[in-house]
Amino acid sequence: MLASSSDHLLGQIVNSTETDVQFRAHDDTSIPIHVVLMLQKGPGSEIVVKLESVQREKNGDEEGTKMKVKRSRESLSEIALTRKSLPDFFLFDYEHLGGNTSKPAPMNISADTLSVMRFKVGPVYDTGGTLSVGLKIADDYERPDKNSTLVIVGCLNYGYFARIRPDGRCQRNSKTKSDPPDLYVNSKSAPSFVHAPFPEPGLWHLSTKAFCISSTGCECFESCIRPNATSTNSTSCKLDKLSNMTLSSTCNCAWECPARIESSIASSPCIEGGCGEHGRCMHHMSGGFVFSACYCNSGYRGFDCADDAYVTSRARALATLLMLTLSNLAFLGAIFVAVTRGYYTEAVVYTAVMIFSSSYHACEAGIDVFNFEKEHSLCLTRLNVLQFCDFFNALLSIWVTLVAMASMGPRATSFAHMLGVVVLAVGAELDKTALWVFLMPVVCGCSLVVISWAYKCRQKGTLKYPARIYRLVYLPIGLTVVLIGMICYAFLQTRRNYYILHSLWHVCVATGVVLLLPKRHYME
């Protein structure tokens, strides 16, 4: 019989007349049971499926240990929580109220039962933030045994509650595998938190237990519950195979005890409403759903902008800002050449490239140099707007330069300009950084130049078109410079050398324009 509802449940091949398949089911969830008969031939079989709540107990003596099955519920102590909703997306709290008051109060957990808190995450409005669950030892709690250290452990689960073993580890559906606790508190002043981004809608469970640890040292227990303790085969975490419920004799310095704790169960945008010192929390909408995410700066990344693997120094960030912005001054030469040779439309495009590229890189790289609160001082408008203008005008500068080289006359040139504006705007919006977006104006423009020059050569009856100095000097040198820039941009650029090669790309494009933009009499 294969019982499958989700990855929590398990399957088993049955080759006997009667067997038990134990699993921990979700609350308020239907359990489909898939039965497959693995028979090659012969008559069919009658199968009876019976679902029961089962708990095992030990009944042993000196000669051996026998197991008897008891149909009963697990010994639980459910802690009631009250939901407090706030007037915004995915903002809510669950609190334990004391008596008839409306204020949160600490809760008592006993040593002989498993204390479980159940709370519900609603669909749509509750799922776009981060569920933060925390535990803390109550300030007014005094340990009866002064010679021991109090430790609180908690296991957070979606759909069903997890048992907590006597070694402090979380026992989920698997009988042989256990996990370190999600929450671990050993001090009154230091609460422990676990964060669940974008929680699934439904019932969540927080199982808690308290342990007293001998003050003389209990390394075996600590090794079981520390966050990086993943091995269940070590001697210190090994359970008694007969009962599966008691620690082995190698670790008897920890025992379950009562305690008084405080809980914090809340949902908020990003991580507790923020993203630390290196990011800001932003709200997004997609497909009718609203969710929050961190926008990191200064090279930080990760869900909470805490990953510093790609963080750069302030000196390098300043060098990046200066190189990416000042390299665009190379377009001043292209603008001057275009104006003096009568290419006024092209001069406007080159001016736009210089302005928007400098503004975009100043806004983007300035975040890594200046304080986060002052980042908008370098941004003329939103970053995504500046990015689109930068890429679009860069593509357009390549196109208008090739159209000028084709020298097709005013009407054809005007038509080519407008066609390029429309097509390149769509391409830049679809995928700004795709290679095909840059190859499209290059391939089409070069084809246009070849066709136009071939037509002029046929009209003149000679292959000596355009002028000799342009054909043999400016054209090959200009194409070589632009090709070097494109190879660096498309194939050699990485995260680490971005500011160097991209600045080189700016210079190569501007220099190529100066060399390739022909004088009027060269094309006559």
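Which helix holds the place of Thr345? Thr345 sits in helix H4, which covers residues 344–369. The legends below start with the whole model and then move to that residue and others.

**Figure 1. Welcome to the whole protein, shown here as a predicted model.** The chain has 524 residues, and 41% of them count as buried. Its secondary structure is made up of nine helices and 20 strands.

**Figure 2. A look at Thr345 in helix H4.** Thr345 has a relative accessibility of 44%, so this residue counts as partly exposed, a class that lies between the 20% and 50% cut-offs. Look also for Ser414, which is 69 residues away from Thr345 along the chain. The C-alpha atoms of Thr345 and Ser414 are 9.7 Å apart.

**Figure 3. Ser397, a buried residue of helix H5.** Helix H5 runs over residues 383–406, and Ser397 is part of it. Is Ser397 buried or exposed? Its relative accessible area is 2%, so Ser397 is buried, the cut-off being under 20%. Setting aside neighbours within four places in sequence, you can find Ser397 in contact with Val349, Tyr350 and Val353.

**Figure 4. Helices H6 and H7 packed together.** Two packed helices are described by the angle between their axes and the distance between the axes. Here H6 (residues 410–430) and H7 (residues 435–460) pack at an angle of about 165°, and their axes are 9 Å apart. H6 and H7 are therefore roughly antiparallel, as angles over 145 degrees are counted that way. Their crossing is left-handed. On the H6 side, the contact is made by Val423, Leu424, Gly427, Ala428 and Leu430, while H7 brings Trp436, Val437, Met440 and Pro441. By class, this contact has eight nonpolar residues, one polar residue and no charged ones.

**Figure 5. Helix H7 again, now with helix H8.** H8 spans residues 468–492; the axes of H7 and H8 come within 12 Å and cross at roughly 165°. How do H7 and H8 run, roughly parallel or roughly antiparallel? They are roughly antiparallel to each other, and H7 passes H8 in a left-handed crossing. From H7, look for Leu435, Phe438, Val442 and Trp453, which meet Tyr470, Leu475, Met486, Tyr489, Ala490 and Phe491 of H8. The contact of H7 with H8 divides into 10 nonpolar residues, with no polar and no charged ones.

Key
Residues are numbered from 1 along each chain as its sequence is written. This is a predicted model: local features need pLDDT of at least 70, side-chain atom pairs count only at pLDDT 80 or more; totals for chains, interfaces and linings use all residues. Side-chain values use heavy atoms; hydrogens and water are left out. Helices (H or I, at least four residues) and strands (E, at least two) are DSSP runs, numbered from the N terminus. Buried means under 20% relative accessible area, exposed over 50%, partly exposed in between (1.4 Å probe, protein chains only). Axes are lines fitted to C-alpha atoms, for helices over the stretch in contact, and angles run from 0 to 180 degrees between N-to-C directions. Angles under 35 degrees count as roughly parallel, over 145 as roughly antiparallel, 65 to 115 as roughly perpendicular and the rest as oblique. A crossing is left-handed if the near helix is turned anticlockwise from the far one by less than a right angle, and right-handed if clockwise. Contact means heavy atoms within 4.5 Å. Ala, Val, Leu, Ile, Met, Phe, Trp, Tyr, Cys and Pro count as nonpolar, Asp, Glu, Lys and Arg as charged, and the others, Gly among them, as polar.
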